Amino acid sequence: MTSHATPETQDDPSSPTGTHPFLIDYPLGKIVAAYPSGIIRLYCHIRAHILRNRILAEVGQYMPSEGGVLEMGCGFGLFGNAFALTRPEATFTCVDLNERRIGHAQQAAEKLGIKNVTFHAGNATELITSQPQQQCIYMLDLIHHLPPDSVTEFIRTCWDHVEPGGKLIVKDVADRPWHKCAFTWILDVLMTKGEIPNYLSVNQFLEHFDALGAQVSVHCLDDYLPFPHVLYVCRKPR
Ligand SMILES: C[S@@+](CC[C@H](N)C(=O)[O-])C[C@H]1O[C@@H](n2cnc3c(N)ncnc32)[C@H](O)[C@@H]1O
């Protein structure tokens, strides 16, 4: 795993348990087991391997341990539930376009007794405008599913909804290396039944974030699996 761009300074150095957030062990197996349907458990099991603990540690180290956290495009809520379970002092709001996914996410949270997360069905690009400012807004593999002409305004609106001193965290896939990009493209087209994903290059993402005046760190989350994961952490000055 390699890190690029601005050297990172950790500004949320401990979770309520005193463990450095990079070391949190996300109980993904337990969360996957809480989904009622076998097909969804299989999907979440695969997803939990793609974004497994090693990758979640990279993302999660920037996630606050308290305050409001908003996840856009949460899918079945696997990661929203994982972050909420390990950060009981933070309040998570998770949004996805797909009502069925939201229903399953909510059921899993109830089964696991996770009280600090709520799930809402709706279009992230519209729902964001009605949200209060948050300590953190994050999204995992959402941006490349949005209509290309909505991305600039969506990123800007999310940024406007981050509190001073808070963060916008974006995990997406890059357009390089080409073989990983091609594999991810095929999988995305199959999973979405024909929607064409819009992968932005690292440069394109940085242009978006620079225009916001964000302090940005970029991590290329190299992995043996064929996904060109890239993590962007945008800090809003106080
Ligand atoms: C690749 S999945 C990622 C799900 C989850 N973040 C994860 O990492 O497992 C992309 C998700 O974005 C959702 N999505 C796509 N467009 C959306 C929109 N405009 N508003 C909210 N969710 C959206 C899809 O329904 C899907 O669940």
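**Close-up views of the predicted chain and its ligand**

**View 1. The shell around the ligand.** The residues of this shell comprise 9 nonpolar, 6 polar and 4 charged (nonpolar: Ala, Val, Leu, Ile, Met, Phe, Trp, Tyr, Cys and Pro; charged: Asp, Glu, Lys and Arg; polar: the others, Gly among them). The model is predicted: local features need pLDDT of at least 70 and side-chain atom pairs count only at pLDDT 80 or more, while totals for chains, interfaces and linings use all residues. Residue numbers start from 1 along each chain as its sequence is written. The ligand is surrounded by 19 residues, and the closest are Gly-73, Gly-75, Leu-97, Ala-124 and Leu-140 (near: C-beta atom, placed from the backbone, within 6 Å). H4, S3 and helix H6 (124-127) are the elements that give two or more residues to this shell (DSSP runs numbered from the N terminus; helices are H or I of at least four residues, strands E of at least two).

**View 2. Strand S3 and its neighbour S2.** S3 spans residues 90-96 and is mostly covered, with 6 of its 7 residues buried (20 or more other C-beta atoms, placed from the backbone, within 10 Å; exposed, 12 or fewer; partly exposed, in between). Strand S2 (residues 67-72) runs parallel to S3 and is joined to it by 6 bridges (strands pair at two bridges or more by DSSP). Gly-68 has Thr-91 of S3 as its bridge partner. Between S2 and S3 the chain passes through helix H4 (residues 78-86) in a right-handed β-α-β crossover (clockwise from the first strand over the helix to the second, with the strands pointing away from the viewer).

**View 3. Strand S3 and its neighbour S4.** Strand S4 covers residues 117-121 and pairs with S3 in the parallel sense over 5 bridges. In this pairing Asp-96 stands opposite Ala-121 of S4. Helix H5 (residues 99-112) carries the chain across from S3 to S4, and this β-α-β crossover is right-handed.

**View 4. The cis peptide at Pro-177.** Arg-176 and Pro-177 are joined by a cis peptide bond, with omega about -10°. Pro-177 belongs to the loop between strand S6 (162-173) and helix H8 (178-191). Most peptide bonds are trans, and most residues other than glycine have a negative phi.

**View 5. Asp-141, a residue with positive phi.** Phi of Asp-141 is near 60°, a positive value in a residue other than glycine. The residue sits in the loop between strand S5 (134-140) and helix H7 (151-160). Asp-141 is buried because 20 other C-beta atoms lie within 10 Å.

**View 6. Lys-193, a residue with positive phi.** Phi of Lys-193 is also positive, near 55°, in a residue other than glycine. The loop between H8 and helix H9 (202-212) holds Lys-193. Lys-193 counts as exposed because it has 6 C-beta neighbours inside 10 Å.

View 7. Asp-25 lies in the loop between strand S1 (2-5) and helix H1 (28-33). It has 10 C-beta neighbours inside 10 Å and therefore counts as exposed. From Asp-25 to Val-233 the separation is 208 residues in sequence and 21 Å in space, C-alpha to C-alpha.

View 8. The secondary structure of the protein chain comes to 9 helices and 8 strands. Its C-alpha atoms fill a box of roughly 40 × 40 × 35 Å along the principal axes. Of its 238 residues, 39% count as buried.
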